[in-house]
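Have the structure open beside you as you go.

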Number of protein chains: 2
Amino acid sequence: MKIALAQLNYHIGNFESNTKKITEAIHHAKRQGADLVVFAELSICGYPPRDFLEFNEFVELCDDAAKKIAAECTDIACIIGLPTKNPKIEGKDLYNSAYFIENGEVKASVNKALLPNYDVFDEYRYFEPGNGFNCIEYKGVKIALTICEDLWNINDNPLYVFNPMDVLIQQKPELMINIAASPFDYKHDEDRMKVLSDNSKKYGLPLLYVNQVGSQTEIIFDGGSLAFNAAGELLDELPYFKEALRVYEFKDGKLIGSPIQSATLSDIEAIHQALVLGIKDYFQKSGFTQAVLGLSGGIDSALVCALASEALGPENVTGILMPSKFSSDHSIQDALDLVKNLGCKHEIVPIKEATKVFDRLLKPVFKELPFNVAEENIQARCRAIIVMAFSNKFGYILLNTSNKSECAVGYGTLYGDMAGAISVLGDVYKTQVYELCHHINRNGEIIPKNTMIKPPSAELRPGQKDADSLPDYDTLDSILFQYIERKKSSKAIIAQGFDEALVKQVIALVNRAEFKRYQTPPILRVSPKAFGMGRRMPIVGKYLS
Amino acid sequence: MKIALAQLNYHIGNFESNTKKITEAIHHAKRQGADLVVFAELSICGYPPRDFLEFNEFVELCDDAAKKIAAECTDIACIIGLPTKNPKIEGKDLYNSAYFIENGEVKASVNKALLPNYDVFDEYRYFEPGNGFNCIEYKGVKIALTICEDLWNINDNPLYVFNPMDVLIQQKPELMINIAASPFDYKHDEDRMKVLSDNSKKYGLPLLYVNQVGSQTEIIFDGGSLAFNAAGELLDELPYFKEALRVYEFKDGKLIGSPIQSATLSDIEAIHQALVLGIKDYFQKSGFTQAVLGLSGGIDSALVCALASEALGPENVTGILMPSKFSSDHSIQDALDLVKNLGCKHEIVPIKEATKVFDRLLKPVFKELPFNVAEENIQARCRAIIVMAFSNKFGYILLNTSNKSECAVGYGTLYGDMAGAISVLGDVYKTQVYELCHHINRNGEIIPKNTMIKPPSAELRPGQKDADSLPDYDTLDSILFQYIERKKSSKAIIAQGFDEALVKQVIALVNRAEFKRYQTPPILRVSPKAFGMGRRMPIVGKYLS
């Protein structure tokens, strides 16, 4: 039996385009002689559909699409993912299901039993856990079909109280198929490889795994669908961050093929590709082509400009230089060098006059009070007015350029540099920003050298440097990682050897910035713990440490 | 046996103040001769603690607090709520538990079995469902103790597959106690009354129910703890939106008392009190005293100013009048009348010069392009710069004044009038804004009459009226209610008799504004479906209708 894995880029709620992609892949697989073609979890509607699932109309449109797809399934079978209605009165109204379709008809339906409800996942918000388990028989082969998380309960601290495969294995299947929507983070590909290989070994079965690819607002799917033999050895790996369809032969209880080494990307390469795909799909799926961003001459905006130019084409990216009275000459030159290297567009709009007007307007109230964060923020907000005016006038999408270290400690101005439709670097620590720039410059200078070597500065007052108010980024990022990713207490972080006062200061800054982060744009997620839907902290609360 | 219900206002993560409140209530109840005092769900840490629960330190601090409280529990027993560790390796690491404490020791622990995971609730994100059920025996009385949602599975379309009380009833308890953290919405008090009464009737048992009171960022608890007899008749009702402690006598299998009528507030009265409490607790719990807001002379900012003056005292509220070249004279006069009626502070900062500067700065790029939404937004954003400058300079908290109708259709400027630390009216439709104003003026004019009778206008271009671009608010709000609260499709709404083109236009506006709403401040929740954590829509997605 020949089985095709179809790794596709879906668009949430776009039944027309998803159905078209799926049916084209069915025909493509048929032409390649496949007996069965396998699509990802919730492939019909895209993942995560969120509260679309609470609209009856949405679920009915999924069902309609499934019927259209089934009609194309002649001389080939397919497995697709979709939400289905729970026929029982008790329990939630929906299941997260996989249909097995053959000869134009749904021959079997499998319901996901283990529903991820952590980090960015909210599946128990919508779905009733499946609780009946049956293998599917097709062309004489007994297949154990499961959905994503159903295979993930095999670590030392299992999140669920049972494994669906423990039930299915009793029916003596010959092959496991798992359909997934498993988002990228720089650590996840490794975890995924191990979990799936462990399943093959534990149950002594070959395994075909198909993932989604493409970005859905902030959640990026990296593809990388996989095939394992019964010994848990990797036989094949579909490309990362790209659509693909590949056919495998299953014969005499075995997947044909020899073990290979995974072509796993380095963390920085993977983050790079993820961010480019994240930008590209944000624009494509929301129907925009042009990006705008503020260019300060600093490294964050330079990196975002480079990534956007790669994703959208430099002709679709406009950088706005907005020098204030505190901007150094080199800032402007560095930004101009970048624009030249990339070939993107730029405009120069100095903001000195604008900040002066606000100083004058507020003078009767502020009187002789000293210059402080209020005036610093006015500068950042004047810049936001200008870039947003470009956005509103020309239909450009504003890219936010704040990095994760800044987001974490609140080193940014709400309604100022924290503005934007999508945050490109909000899940990338400053130390990783440097690594990404070096990676981008690997074949020659794109990010100007001076941008990379000068000390980071917001240039909001004379001679200001980040280092005046923040520890060096190596130390800062290490502390932030322990608190945000590892959820350690200040006590535990201090015990690792960090300075006590510094740890307490950093954690206090992170906590105080919750109200700001609540109002930031969605952040492209590349780490196991990004700000946004994956990290839900009270705003008014008494914080620890 | 005498049982006290303690309805208290907790502060999330503030173990010191919560523990102090709880121990004071224990002593208070003891002085009143109570044998048992009952506190709300998760009373030790406040509700909802959200991802604080993922910090080991947080859970340990809950445990420490429980020990301190237990030490105070001599000659009286108490029931308190807290997260506890799941001793089993399988399943999630925590339970949502109730401790029964007697003689300084935890005598029994009950784990919540039905975990709400819809709307604003995310309990399955953290907790393993409880699955062992045992009554508690105290002073010869067998008590069926359950936690909030555990009693809510008795409607026609039950969300869960079983009822904990169906198990507990087999042990022949004489009394039900339910501890809750059940947030306010204008419909919820009625539902709650019915569900609890239905439980009393179904199981033929008296029921004591204790709720939290107070606001936690956007979620407002209204208190209103209740006592029912075995026939499901209401015996007593604690005050709404206030702390309270009251003692009941349970004797010979009965709660002593005669049936009463619920003193339920009207929807508008309840919303009024909820919003005042919401503002008050936001400031108190985050340690601020002074509010600032823009006053346009319109009804939304007038209402927010009145509510804030009631919550914080008019001496702690500063209204900023920021006329532009499009502001009418009456706008300024209406705002000044309001300030006079309320006795709050005000400043006048005209923005004409500021918008002029931006016109000039952008002229080289915008050239002769006609005035449009870009320039309208510049005005709104200049105002945001000014109110935020007050916030930054003086430590005032900016109150957002957008209403739910505007939020819904995106009739507002991101980083402009959509700015603020907390949105007071973001869950109040424009038609309800008028009702609230009439309610506030019930004993005399507070909101100026002219503010209430003039046609709504954003005054962003000459002679602009809301009615130029939006349908009348009665119709708009009716359509929005069907789409947002009822989740109806356009087809279903049109079938109700609304104009087809209008329905499609409104729904398209709502969908297109998702990206804006993602970046709005937390919204005080007073309806069953508020924007924010309770409504999670994809941003990049193809919307229906």
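1. Which domains does the domain assignment of chain A give? Domain 1 covers 2-255 and domain 2 covers 270-465. Do keep in mind throughout that this is a predicted model.

2. How do those two domains of chain A meet? Taken over C-alpha atoms, the centres of domain 1 and domain 2 of chain A are separated by 40 Å. The contact between them involves 10 residues of domain 1 of chain A and 9 residues of domain 2 of chain A. On the domain 1 side, strand E10 (213-216) and strand E11 (219-222) of chain A are the elements that give two or more residues. That side has 5 nonpolar, 4 polar and 1 charged residues.

3. Next, the contact between the chains, to which chain A gives 74 residues and chain B gives 74 residues. On the side of chain A that touches chain B, at least two residues each come from helix H2 (56-72), helix H5 (267-286), helix H8 (352-366), helix H9 (373-394) and helix H17 (514-518) of chain A. The largest share of that side is 12 residues, supplied by H9(A). By class, the chain A side divides into 43 nonpolar, 14 polar and 17 charged residues.

4. In chain B, have a look at the open sheet of 7 strands, which runs in the order E5-E4-E3-E2-E1-E14-E15 with mixed pairing. Strand E5 (105-111) and strand E15 (254-255) of chain B are the edge strands; each has a single partner strand, so one side of each lacks a neighbour in the sheet. Elsewhere in the sheet, strand E1 (residues 2-7) and strand E2 (residues 36-38) of chain B are paired in the parallel sense through 3 bridges. Within this pair, Leu5(B) sits opposite Val38(B) of E2(B).

5. Which residues of H7(B) are buried? They are Ser331(B), Asp334(B), Ala335(B), Leu338(B), Val339(B) and Leu342(B). Looking down the axis of H7(B), these buried residues lie within an arc of 135°, so they line one face of the helix. Asp329(B) and Lys340(B), on the other side of H7(B), are exposed.

6. What covers that buried face? Among the elements of chain B over the buried residues of H7(B) are strand E16 (291-295), helix H6 (299-312), strand E17 (317-321), strand E18 (345-348) and helix H12 (449-453). After H7(B) comes Gly343(B), with a positive phi near 80°.

7. Pro48(A) lies in the loop between strand E2 (36-38) and H2 of chain A. In chain B, the bond from Tyr47(B) to Pro48(B) is also cis, with omega near -5°, and Pro48(B) is in the loop between E2 and helix H2 (56-72) of chain B.

8. Finally, two non-glycine residues with positive phi. Lys139(A) has phi of about 50° and sits in the loop between strand E6 (136-138) and strand E7 (141-147) of chain A. Lys139(A) is exposed, having 12 other C-beta atoms within 10 Å. Asn103(B) has phi near 50° and belongs to the loop between strand E4 (94-102) and E5 of chain B. Asn103(B) is exposed too, with 11 other C-beta atoms within 10 Å.

Terms used. Residues numbered from 1 in each chain as written. Chains lettered and ligands numbered in written order. Predicted model: local features only at pLDDT ≥ 70, side-chain atom pairs only at ≥ 80, totals over all residues. Buried ≥ 20, exposed ≤ 12 C-beta atoms within 10 Å, placed from the backbone. Helix = DSSP H or I, 4+ residues; strand = E, 2+ residues; numbered from the N terminus. Arc of directions from axis to C-beta. Contact = placed C-beta atoms within 7 Å. Domains from an automatic or database assignment. Nonpolar A, V, L, I, M, F, W, Y, C, P; charged D, E, K, R; others polar. Pairing = 2+ DSSP bridges.
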